[in-house]
Structure formats: structure tokens, C-alpha cells
Amino acid sequence: MDAAGTLLARIDCTQDYSSDQFLSTGDDQVVAGAAGRYREAAGKPLSRFGYRFRIERVGQPHLALVRYPDDKRRFMCVMDGTCYDLSTGITTGFAYPLSGGMREIRQVFWPRWHDCTLVFMTWAHGEPAAVASIEIRELDSLPALPSAPALGGGPRREFGIQYEDPCGTAASEGAISKEEWVERVIAYARHTGQALFTYPIAWYHGPQYPSREPADAFDVVVAPDRKQYIRWTTQPPDWISPMLRRFEAEGLGFVGSLTLLRLGSLMQRMNLDLAAVQAGADTINSVLSCDRIQAGTMDWTTVYNARNYPEVVNRGLGVGVMADFPYAYGEQTRQPYPSGPIFNPLHPTVQEAVRGVIREIAERYGRFPAFKGVAINLWAPTIVWFGSILSGYDDYALSLFTRETGIAVPVDPQDPQRFSKRYAFLTVQCKPAWVAWRCRKIHQLLGSLRDELVAVRPDLRLTLTLWSEPYLPRLIGGGKASNQLYARPSTLEFYREAGFDPALYADEPNLEADFQFEGGGRDRSAGNSENAPLESFFMFRDHDFLDQDTLDAWQRLPRPGAFIFNAWHEAWGKHQWFPCDPDDQQQHELATMSGQSAEGIFRMNSTYPADGFWYDSQLRITPAFPPGEHFLEQYAHAVAELDACRITRGGLFLDKAHSAELRGFATAYRCLPAETFVTVGTSADPVTVRTLVPNGEDRRYVYLVNREPYPVMANVALSQAATFLELATGTSLPAPREWQMELGPYELRSFATAPDVQITGFTVGVPAQIAAQYEQDAASALQAIANARQEGHFLAGLDEIEAQLRTSLAERRFARLRHLLTGYHVRKCQESRR
């Protein structure tokens with residue numbers, strides 16, 4: 001990317017502007033601090049200020065360069081106020097050390113109008129948005145990152161983008177149509193070296209393409225006059241085939257993701273008659289430990305079936321779940337049980353329906369070289385597993401369990417309460433056998449889905465994406481002491497109870513598993529609520545970095561992967577869906593989906609208290625990323641901890657604020673063989689070193705990754721002096737037997753050399769002031785723990801945390817030490833002294 005571009009506007013946020021250029025909720029101020037002068041909003045949710053600027057060429061790539069202070073804890077949402085084109089966000093402080101200076105956001109965007117806006121909003125109490133200056137530049141182009149050097153013939157590691165939500169395509173990237181959006185995605189993917197694209201083709205209510213199953217599709221479109229519309233159809237066009245042709249031409253790979261919460265053919269066959277099921281009638285629905293039938297997913301997804309939309313609009317409602325609404329197929333909401341799969345994953349009818357969809361996708365799209373396979377998102381209500389230990393107590397499953405294991409369940413088969421009694425017996429008397437059997441049955445099902453793919457094309461693969469967000473909050477809630485590390489079971493144990501055991505997939509070709517890390521600031525979301533307890537802020541980060549049982553289980557897989565989820569934060573205001581005005585001619589121009597007429601189109605909008613924003617069409621939804629170099633922490637963690645062979649990242653729309661970071665990591669990562677490497681030495685913290693001589697290649701690969709946010713020196717011991725090729729740059733480097741190199745914050749460096757060159761060991765030099773600060777902070781944490789115990793506070797897992805603090809400090813495992821020091825247990829003990 002041309003970093004300079006053509007300067008169009010420069011805004012000094014410490015200066016005053018007229019109301020046609022500046023808006024504010026009226027509680028902002030100019031601050032002079034150690035970081036410099038800047039404008040700061042109030043530290044209360046939705047306080048904001050913003051600016052207008054003009055651009056000349058709509059649809060041309062532009063750059064918004066925003067300078068902001070990293071001098072205190074902040075949670076700042078950045079947006080244009082109406083659509084997703086400029087949406088990003090920043091969290092500072094808390095888990096991230098403050099730099100004390102100014103940092104930059106460099107957001108690429110394609111403007112959809114000449115008169116543009118840029119707004120900065122506080123999300124959390126006491127965490128104010130703040131900006132020093134803004135520059136807007138027009139870019140000539142987004143140059144593609146050069147391809148990785150082709151050294152060997154085997155598959156290389158994959159680096160890419162993944163969406164959870166498909167409905168924002170015409171409200172992001174300046175696009176009005178799917179076709180325009182595809183071109184922008186291609187341009188940015190090639191610019192940042194993200195050559196793998198995972199995107200929903202079957203979402204909450206089934207396929208989004210022409211299917212044997214009842215299908216639907218919809219998207220939000222933001223028009224040139226800023227009005228927001230939703231267009232929908234129950235007969236979606238085939239937008240996937242043309243996309244795959246474009247991807248093939250551009251050298252990109254595509255994986256179709258499936259959330260698989262419902263299939264219409266199964267919804268039509270639900271049997272929710274509890275009395276009949278208690279009397280012995282068959283049901284394809286899940287039967288629960290509470291003697292109930294799962295009659296809905298019990299989450300926010302119920303409304304998002306296009307078949308519901310005419311009545312939602314007729315009632316003037318919106319995205320919320322309504323208890324008395326006549327949802328498609330009679331799905332129920334707000335029942336007294338948690339989120340879970342509507343259907344029994346072991347029932348033959350359910351399995352055949354799911355296999356049919358996988359087979360259909362393979363037959364439709366397997367002919368395209370860019371199509372690489374299917375990814376299934378495993379959430380609590382996904383219908384290819386049990387979701388939790390609370391589901392799966394139906395007559396069919398129990399008869400199969402007894403027949404295959406020989407374990408009889410001593411419950412009267414005619415007892416109306418037999419389901420809860422089975423649960424009580426199985427989870428107390430023989431839980432290991434029950435959980436292991438369920439995992440084997442789900443393994444068989446998932447293997448059969450993989451088989452449907454490879455029967456059409458042998459290189460197609462099935463990827464399982466194991467989520468923690470939104471999975472665990474729907475299952476166990478959040479914001480409580482019981483949710484914390486070592487208080488609740490490991491994430492691995494929750495997965496096993498739901499039917500997925502990674503150990504069963506250690507020798508399964510074309511069947512891979514990705515672990516989801518949180519990357520969009522979800523742990524900080526709770527700051528939007530006043531006086532949120534400390535327990536609200538550690539739901540994911542502690543487990544992502546410190547839940548060793550789960551991390552080790554993934555590292556043992558032959559080709560482990562990672563998905564970094566850019567969670568987003570939604571301030572809906574008063575949100576409504578409503579009919580288009582009869583004289584709205586624009587609706588007819590917009591009611592087209594991939595060349596096919598939409599079945600319906602209507603308006604939507606959110607209203608908020610007036611604050612001087614220049615347009616009545618508004619929407620406030622953004623992710624929130626770590627500041628500066630910390631954006632790369634999850635990437636470094638995935639490589640160091642998992643030896644990840646795939647890394648994707650994304651959520652609702654493209655993250656376009658981290659081009660330089662992505663390009664730098666991609667160049668070193670994507671040229672490595674997609675195989676498990678051998679770890680060098682006994683410590684992989686703070687630097688991990690791994691090496692491999694792949695079968696069929698006459699070279700050794702080596703990579704080093706720094707887990708820490710500061711530069712370190714790595715001293716690598718070699719069996720002999722050698723020449724190393726740095727894969728990111730193509731530069732040949734002479735290396736003596738004692739080879740020293742610097743690794744920047746969270747940096748990955750990769751090399752190739754002769755196969756007979758051995759890596760015999762390494763040491764790491766950490767800056768003395770960093771080590772001294774860690775020692776000081778650890779001593780303070782240990783004292784806080786001792787004080788907490790003396791005061792009668794015995795947090796679950798505190799003994800384990802104390803032991804790990806001492807071991808990590810003694811062994812200089814500074815990455816783990818840093819996460820322990822910023823984790824729940826230490827913070828809670830420190831809080832108790834205040």
C-alpha cells in the first residue's frame with residue numbers, strides 16, 4: 001500500500017470546528033497529557049464526537065490515519081455512524097501495558113459517498129474515546145503482497161479471513177452488491193497475503209444457496225443516501241459459483257462454513273409432543289436431562305429466517321427474540337433450559353439430512369479448484385453434536401448405548417421421568433464411559449461427513465471450528481466467580497461432554513479442527529455496564545492463554561488450526577424494521593441479489609438521542625482490537641502454543657485496520673510446510689523454536705516466534721556454520737555455530753537451510769528492565785495472594801495459580817507469567833486489598 005497517497009483532509013482534533021464539520025454529545029474536552037494534546041469524550045457509554053470530510057472518488061481505496069493516546073484504559077469504537085465501511089475499535093490498558101505515547105489506526109476504506117463522516121465513541125464506563133488528529137488519504141491502489149517462495153511441493157500453511165455473519169456484505173467495504181463486495185474482499189485479501197477465505201454458505205436457518213433444503217438469504221444494504229435496507233429471499237441465487245471463479249483467477253482458496261443450527265426438512269418433522277414422547281413416540285428432537293424436548297435453540301438466532309421477516313416488519317419489530325411471535329416451523333423461545341441442539345445428532349433421519357447437505361455442497365462446488373471444503377462451526381446448538389452433557393437422553397440413544405457398551409441403565413423404560421433419571425445415573429455412576437461413547441458416535445458422524453466430501457473430490461476437507469464465544473456464555477453464563485479459570489471445567493472437558501474429543505482425530509486425513517481464540521475485545525464488553533464486577537472481564541482471555549489441557553490437546557493434532565474471532569459490540573438504540581415508503585423508487589433499484597430479484601425489501605434504522613449527527617440513518621456496531629503490536633498476540637500464540645497450520649481471523653466484516661501487521665506475519669508464516677514441526681529445547685516461552693525436514697524435501701525449515709510484546713535476542717546453537725534463507729525476504733544469511741538474531745514484538749521469523757544442519761539448542765535474552773519488572777510484579781502478586789488467604793479468601797484454583805507464578809518466574813517463562821499477572825486470580829487478590 002502506498003502509505004503516503006494523496007492527502008485529502010487533515011483534522012487537528014484539539015481545534016474547534018463549526019457544527020457542519022464537528023459533532024459531539026457535548027461532554028468532550030481537550031486534554032494536555034504526557035502523550036500530547038488530544039480531544040477526549042466523556043468516560044460514559046455512547047459519549048462521542050466526530051467529523052465530516054469530503055472525498056473526490058467514490059469507490060477508490062482510501063486510508064484514514066487516526067492518532068490516539070495510549071495513556072490510560074480506553075475502549076473506543078470507531079465508525080462512520082451509518083454502515084460498517086470505517087468500523088474498527090481499540091482497547092488500551094488492562095491486559096496491555098500502556099506505551100504512554102501516541103499510536104495510530106490505519107484504516108483502509110472504500111467510500112460509498114462523497115460526504116463522509118468519522119465518529120469516535122466511548123463504549124465502557126471510565127474508558128473514554130480520545131483522538132489527537134486524523135488524516136484522510138486517497139490511495140492509488142492496494143498492491144498485492146508477493147507470493148511466498150515455492151521451495152517444496154507439499155502444502156503450505158494457510159493464512160486467511162473468516163466470517164461468522166454473512167448479512168453485512170452491502171453495508172461494508174463500500175459495496176452495494178455482492179459482486180462489488182467480492183472484488184473488494186479479493187483486493188484486500190491479496191494485499192495482506194490472506195489467501196484462504198472462509199465464509200458462511202449455510203447459516204442459522206440452513207443453506208444460503210439453491211438447495212434441496214428450504215433455503216434463505218438476506219443482507220443489509222446501505223444506499224448512497226445513507227438509508228438502510230434489508231433485502232431477502234427464500235429462493236437464493238447461486239452467488240458462490242461466480243465467486244469461486246474469481247477466487248481461482250486470483251489464486252485464493254475458499255472454504256464454505258456451516259453453522260448448522262437448523263435444517264428446514266428437519267424443522268418440518270419436529271415432534272414436540274412431550275406426552276407422546278414420554279409414552280414412547282419417536283422424535284428427532286433432542287431430549288434433555290430435565291425431561292423436556294429441545295424446541296428451539298434458545299438464543300438470538302431464531303428471528304433470522306427470511307420466512308419470519310414479513311410478520312416482523314408488519315409488527316414494527318426488529319432483531320430481538322419475541323416470546324409470543326409465530327416463528328417459522330413453530331420454533332419455541334424462552335423455555336426453561338439452556339441453548340442446545342434442536343435435533344438428536346444420532347438419529348438416522350438427522351444424520352441423513354446433514355449428510356445430504358454436505359454431499360450437495362461437494363457436488364455443486366467441488367468442480368471449482370478454489371473450493372477447498374467445508375467448515376462446521378460447533379456452537380451449543382449445532383446439530384452435529386450434543387452441545388452439552390444436558391442433551392442426549394432419548395430412547396434411541398440409550399438403547400444404542402446399552403447395546404454397544406453392555407451398560408444397562410436401571411431406569412423403567414416406561415417412566416415419564418426416565419430422561420432425567422438416565423442423566424442422574426449416567427453422569428454419576430459411569431460418566432467416563434458415557435462421555436467416551438458419545439464422543440465416539442460423534443466422531444463416526446463427522447467422519448461420514450468427511451467421506452461425503454472426499455467421495456466427490458479426494459482433496460476436499462472437513463474443518464471443525466470449536467468455539468468458546470458464543471458457545472460457553474450460552475451454556476454457563478458469564479460474569480461470575482464460577483466462570484473463571486480452574487473454577488469451571490477446562491474448555492476441553494466441555495467439548496468432550498458435548499461429543500468432541502480431539503484425541504479421536506489424531507489420524508484422520510481430510511478432517512481437521514480449529515480452536516477459536518477471542519480477538520475482538522469481548523472480555524471488555526462488560527465495561528458498558530456500570531459497576532460490572534471484576535469477574536466479567538476474564539471469560540475468554542485467561543482460558544485462551546492459560547487453559548493448558550485444552551491447548552495441549554490441540555497441539556497434539558497432526559494439522560491444528562486457529563480461528564481468531566473479531567467479536568463485535570452492538571449499541572442498537574431504538575431499532576426497528578419497517579416498510580419502505582410507497583414512493584421510495586430506490587427500493588426497486590436495490591431489490592436485486594446477485595442478478596436475481598429479491599423476494600422482499602424493507603427499511604431498518606436505529607435511533608439515538610440527538611447529538612448533532614448529520615443524518616437520521618444510524619448504526620453503531622464495531623469490534624475492538626488490542627493496540628499496536630498487541631494485535632498480533634493471538635497469531636504468535638497460535639503458532640507458539642499450537643504449531644498452527646491454519647490461522648484465520650474475522651467476524652462480521654473485513655478488518656482493514658492492520659494491513660502492515662498482517663503483511664508482515666503472512667510473509668513469514670505462509671511459506672512454512674503445513675506439517676507438525678519438532679520443538680527445540682525444553683522451553684517454548686518466551687520464544688518458541690521449531691524445525692522440520694519434510695519428507696520429499698532436501699531442506700530443513702526452522703521458525704522462531706516471540707510470544708512477548710518487546711524485542712528479544714535469540715541465541716541459536718547450530719551443529720555447524722551454515723547459510724539460512726529467510727523465507728519472508730528471500731535473503732541469504734550466513735550463520736555461525738552460535739547464531740544471534742533479534743525478534744520484534746510477537747514476531748515470527750522463518751528460514752530454510754541444508755537438512756544436515758541441526759538446531760542443538762537456544763537461549764533468549766530478555767531486556768534486563770523487563771525481567772526486573774516481572775520479578776517486582778510477581779513478588780507483589782504473591783504478596784497479594786498471601787494477604788487474600790490471610791483475610792479468608794480462597795479463590796478456586798488459587799494454589800495452582802500461585803505455583804505457576806513461582807515456576808514461571810523461576811524458569812523465566814515470561815509469556816505465561818505475564819498472563820498470570822494480568823489474569824483473574826491476581827487481579828482479584830489485588831482488588832481485595834483496595
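Visitor: Which residues of helix α16 (residues 659–669) are buried?

Guide: The model is predicted; local features require pLDDT of at least 70, side-chain atom pairs count only at pLDDT 80 or more, and totals for chains, interfaces and linings use all residues. Residues are numbered from 1 along each chain as its sequence is written, and side-chain values use heavy atoms, with hydrogens and water left out. Buried means under 20% relative accessible area, exposed over 50%, and partly exposed in between (1.4 Å probe, protein chains only). Helices (H or I, at least four residues) and strands (E, at least two) are DSSP runs, numbered from the N terminus. In α16, the buried residues are S659, L662, F665, A666, T667, A668 and Y669.

Visitor: Against which elements do the buried residues of α16 pack?

Guide: Contact means heavy atoms within 4.5 Å. The buried residues of α16 pack against the strands β9, β13, β29 (646–650) and β37 (748–753), and against the helices α1 and α15 (633–642).

Visitor: Where does S172 lie, and what surrounds S172 beyond its neighbours within four places in sequence?

Guide: S172 belongs to the loop that runs between β13 (158–162) and α1 (178–192). Its relative accessibility is 1%, so S172 counts as buried. Once the neighbours within four places in sequence are set aside, S172 is in contact with Y84, D85, R112, W181 and F653.

Visitor: Which polar partners does the side chain of S172 have?

Guide: A polar contact is a pair of N or O atoms within 3.5 Å; within protein, one must be able to donate a hydrogen and the other to accept it, and residues adjacent in sequence count only if both atoms are side-chain atoms. The side chain of S172 reaches the backbone oxygen of G168 at 2.9 Å. With the side chain of E173, the S172 side chain makes a polar contact at 3.5 Å.

Visitor: In what order do the four strands that include β9 form their sheet?

Guide: Two strands pair if DSSP finds at least two bridges between them. Here the order is β1-β12-β6-β9, an open sheet with antiparallel pairing. The edges are β1 (6–12) and β9 (102–109); each has a single partner strand, so one side of each is left without a neighbour in the sheet. From one strand to the next, the twist averages 15°. Between β6 (residues 62–69) and β9 there are eight bridges in the antiparallel sense, and H62 has F109 in β9 as its bridge partner.

Visitor: Which residues of strand β24 are on its covered face?

Guide: In β24 (residues 574–578), the covered face holds H575 and W577, whereas K574, Q576 and F578 form the uncovered one. Five bridges join β24 to β27 (residues 600–607), and the two run antiparallel. The partner of W577 in β27 is M604.

Visitor: How is the packing of two helices described?

Guide: The description gives the angle between the helix axes and the distance between those axes. Axes are lines fitted to C-alpha atoms, for helices over the stretch in contact, and angles run from 0 to 180 degrees between N-to-C directions. Helix α11 (residues 491–498) packs with helix α13 (residues 548–555) at about 65°, their axes 6 Å apart. Angles under 35 degrees count as roughly parallel, over 145 as roughly antiparallel, 65 to 115 as roughly perpendicular and the rest as oblique; α11 and α13 are therefore roughly perpendicular. The contact is made by T491, L492 and Y495 of α11, with D549, T550, A553 and W554 of α13.

Visitor: Which peptide bonds are cis?

Guide: Among them is the bond from E469 to P470, with omega near 20°; P470 lies in the loop between β20 (461–466) and α10 (471–476). Another joins D685 and P686, with omega about 15°, and P686 is in the loop between β30 (678–679) and β31 (687–692).

Visitor: Is M298, with its positive phi, buried or exposed?

Guide: M298 is not a glycine, yet its phi is about 60°. M298 is buried, with a relative accessible area of 13%, in the loop between α4 (274–278) and α5 (309–314). Y329 likewise has a positive phi, near 70°, but Y329 is partly exposed at 28%.
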